[in-house]
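Biologist: Please take me through this model. I would like to know what stands behind each label you use.

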Amino acid sequence: MSRRPPLAAFLSVSALLVLVDQITKYAVVASLFLNESRPIVSGFLSLTYFRNRGGAFSLLADLPPFWGRTFFIVATLAALVFVFYLHRYNPPATRWGRFGLTLIFGGGLGNLIDRVVHGEVIDFILFYYGDFYWPAFNVADSCISVGVALLAVDIFVNPYGEPEADEPAAGGPGRDVPGGEPTEGRGSD
């Protein structure tokens, strides 16, 4: 039986990510006009205030506003419930995998707040080179992307979900062995 990761750490880190995401979005809205851009690294990176009614890469942005907003709120809530369930009842065996779930949860919550409050997500980080522009994104999107990458690496590196070396495995020292005596305190007499 696997040990459940601490819920307080999951919720605290997620809340911190949401706070950073919302503060950065507030700062952009307060200091830039819609579609205004300020170069950070000329020819490569700008802060550019956009609003995205769609999903990643503006997917489904052409849906009618009510239906699009409703769809993305419901989809995000479902994803958040699933990530929370995974964290509590089927957590990855490694810290990296669990941290990936925390990043996904915090990022999803940050974008959900935007959808509920504004009806769309505020994006502002824009990478470009010449005529190539990567779609604008925000802190929450970054958290989700890094979290998914961490989970993917965790699954690739640890496909069988083996616990990390410093975490006790089921039946390890200090646990009772079925049909036997406690293992702790045994010596080799």
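**Labels and their cut-offs**

Modeller: Asn 35 is found in the loop between α1 (7–31) and β1. Phi of Asn 35 is near 70°, a positive value in a residue other than glycine. This is a predicted model, in which local features need pLDDT of at least 70 and side-chain atom pairs count only at pLDDT 80 or more, while totals for chains, interfaces and linings use all residues. Residues are numbered from 1 along each chain as its sequence is written, and side-chain values use heavy atoms, with hydrogens and water left out.

Biologist: What makes α3 roughly antiparallel to α4?

Modeller: Helix α3 (residues 95–118) and helix α4 (residues 139–157) pack at an angle of about 155°, and their axes are 7 Å apart. That makes α3 roughly antiparallel to α4, since angles under 35 degrees count as roughly parallel, over 145 as roughly antiparallel, 65 to 115 as roughly perpendicular and the rest as oblique. The α3 and α4 crossing is left-handed, a term for a near helix turned anticlockwise from the far one by less than a right angle.

Biologist: Which residues of α3 meet α4?

Modeller: Among them are Trp 96, Phe 99, Leu 103 and Ile 104 in α3, which meet a set in α4 including Cys 143, Ile 144, Val 148 and Leu 151. Contact means heavy atoms within 4.5 Å. The residues of this α3 and α4 contact divide into twelve nonpolar, seven polar and two charged.

Biologist: What makes the pair of Phe 44 and Phe 127 edge-to-face?

Modeller: Rings of Phe, Tyr and Trp (its six-membered ring) pair if their centres lie within 6.5 Å; planes under 30 degrees apart count as stacked, over 60 as edge-to-face and the rest as tilted. By this rule there are nine aromatic pairs. Phe 44 and Phe 127 are 5.2 Å centre to centre with 65° between the planes, hence edge-to-face. Phe 44 lies in the loop between β1 (37–41) and β2 (45–52), and Phe 127 in strand β3 (residues 121–129), 83 residues apart.

Biologist: Why is Phe 44 called partly exposed?

Modeller: Buried means under 20% relative accessible area, exposed over 50%, and partly exposed in between (1.4 Å probe, protein chains only). Phe 44 has 41% relative accessibility, so it counts as partly exposed. Phe 127, at 28%, also counts as partly exposed.

Biologist: How do you know that Phe 84 and Phe 105 are tilted?

Modeller: Their rings are 6.4 Å centre to centre, with 45° between the planes. Phe 105 is buried because its relative accessible area is 11%, whereas Phe 84 is partly exposed at 29%. Ring pairs link Phe 10, Phe 84 and Phe 105 into a cluster.

Key:
Axes fitted to C-alpha atoms, helices over the stretch in contact; angles between N-to-C directions. Helix = DSSP H or I, 4+ residues; strand = E, 2+ residues; numbered from the N terminus. Nonpolar A, V, L, I, M, F, W, Y, C, P; charged D, E, K, R; others polar.
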